Amino acid sequence: MADGTESARTESASASVGGAPPGGGPAPSPEDAYLERRTLRRGSAGPLLLTGLGVAYVVSGDFSGWNFGLAEGGFGGLAIAALLMGLMYACMVFALAELAAILPTAGGGYGFARRALGPWGGFLTGTAILIEYVLAPAAISIFIGDYVESLGLFGLESGWPVYLACFVIFIGIHLWGVGEALRFSLVVTAIAVAALLVFAVGALTDFDAGSLNNIPADHSSFGASSWLPFGLLGIWSAFPFGMWFFLGVEGVPLAAEETRDPARTLPKAMAWSMGILLLLALLTFLAATGARGPNAVQDAGNPLVEALQPDGKATVLSRIVNYAGLAGLVASFFSLIFAGSRQLFALSRAGYLPRFLSLTSRRKAPFLGLLVPGAIGFTLAAWTGDGARMLNTAVFGATISYALMSLSHIVLRRREPGLERPYRTPGGTVTSSLAFVLACSALVATFLVDKDAAFIALGVYAVALAYFAFYSRHRLVAAAPEEEFAALAEAEAELSRD
């Protein structure tokens, strides 16, 4: 840790050349000068904007993606998988709410794991989160391109010009400022949520419970039935698709440093976000599968529209839902860019990644934390055009972070029971233990769905760990908030031993 502090002092000293400030007062300390160049805009987000952010992360998953789980588990298998994944996310959100109230910094999951599991645990968690939040926007930009083409907007076809426009326009709004960005996200998310409710009302008028088991059973699968056409293993295989109703909501704590009264606001916003997402998942799943049956929507790129068009002809309602699907994709794309930039900012500020990536602009936006992941995401989207593969890779990274964040809650509860906790997780370690077990199960399930995506994520992990092992772990910045928080725990432990 000493090496990291010295490195930070060296960088800060060079940044503050010129001596004392004009007023004649003392020059800022090297640590203060270093952090001053890496400061986010405080107090920009309240409960409403944060709740909107939590829903925005996820809402595109209601419009498409989850339905591919019907081909893995049928109606019954995906229903059970979605129920279990909803339970996992609810338990994890309650655990993260406690951790976010203890340590309200932009590091989010990395900061929690840093104190509980040490520098290696912090880096492993932060890297997994980055994999999710860099690859998911890249995948969604491809889906936006597909929607633009299918809707015939401006005569555009899906391809790199559309992907580039997405990154340029929406990163530009983020560079403008966090308050403006979150308000834009809230408006687009509200449109998408309203459309989901309208869809549910329209589709439920055609609900037919008898059609829910219309996928033929594979009797060679253990436990196969009309409700579980691919047997018990189908439930497990459907886990990654059940996650699509909730994937990303865990990113709300990444806005902690830009939140008013974060110790109170974050738990409240996370709970409201999760409640809204659970309701939307239930309505969307039942309405879309019940209108025409799972067999009709299991392979559709836009299952909600397909559910509203029994004869294949567009209706006024299906057109509205189709356009709203684009709004949902934009909301998730926009908010995931925010999350990735804040996680990259925190890891860079603490020295885990190159420090220049955490520099902020005059408007207190981490401009390189936005531009660099954006450039990587655009390149991947334009190069591969494989949104499904990138999203599966992002899911693999997400499940690793879920397991490590849940484990962090368990470790801190047992090792530091006296730590001040403005908010306490209902059920304590029982809640986070359930999240941990389900996260590990979901992690293994990704191998059942897309082995290549899992190995791609592991490859990225291997490169990142080599960088940390041989370089950055010797250059950590002790003055970073997450590192100070961990150092305080280590000092208290030493005092107790003495």
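Predicted model: local features only at pLDDT ≥ 70, side-chain atom pairs only at ≥ 80, totals over all residues.
In soluble globular proteins, nonpolar side chains tend to be buried together.

Next come the charged pairs. The structure holds 11 salt bridges. One of them joins the side chains of Glu98 and Arg421, at 2.9 Å from N to O. Glu98 sits in helix α5, while Arg421 sits in the loop between α16 (387-415) and α17 (429-449), so this pair ties together parts that are 323 residues apart in sequence. Both Glu98 and Arg421 are buried. Arg413 joins in too, as Glu98, Arg413 and Arg421 are linked in a network of salt bridges.

A second pair is formed by the side chains of Glu483 and Arg114, which meet in a salt bridge at 3.0 Å, N to O. Here Glu483 belongs to helix α19 (residues 481-497) and Arg114 to helix α6 (residues 109-151), so the parts tied together are 369 residues apart in sequence. Glu483 has a relative accessible area of 0%, so Glu483 is buried. Arg114, with a relative accessible area of 1%, is buried as well.

What about Glu306 and Arg292? Their side chains meet in a salt bridge at 3.1 Å, N to O. Glu306 is in helix α13 (residues 303-307) and Arg292 is in helix α11 (residues 262-292), 14 residues apart. Glu306 counts as partly exposed because its relative accessibility is 26%, and Arg292 is partly exposed with a relative accessible area of 26%.

Finally, there is a helix pair to look at. Helix α7 (residues 160-176) and helix α8 (residues 178-204) pack at an angle of about 130 degrees, with their axes 5 Å apart. That angle is why α7 is described as oblique to α8. On the α7 side, the contact is made by Phe170, Ile173, His174 and Trp176, and on the α8 side by Val178, Glu180, Ala181 and Phe184. Sorted by type, the residues of this contact come out as 6 nonpolar, 1 polar and 1 charged.

Technical notes. Residues numbered from 1 in each chain as written. Heavy atoms only, no water. Axes fitted to C-alpha atoms, helices over the stretch in contact; angles between N-to-C directions. Helix = DSSP H or I, 4+ residues; strand = E, 2+ residues; numbered from the N terminus. Parallel < 35°, antiparallel > 145°, perpendicular 65-115°, else oblique. Contact = heavy atoms within 4.5 Å. Nonpolar A, V, L, I, M, F, W, Y, C, P; charged D, E, K, R; others polar. Salt bridge = Lys/Arg side-chain N within 4 Å of Asp/Glu carboxyl O. Buried < 20%, exposed > 50% of the residue type's maximum accessible area, 1.4 Å probe, protein only.
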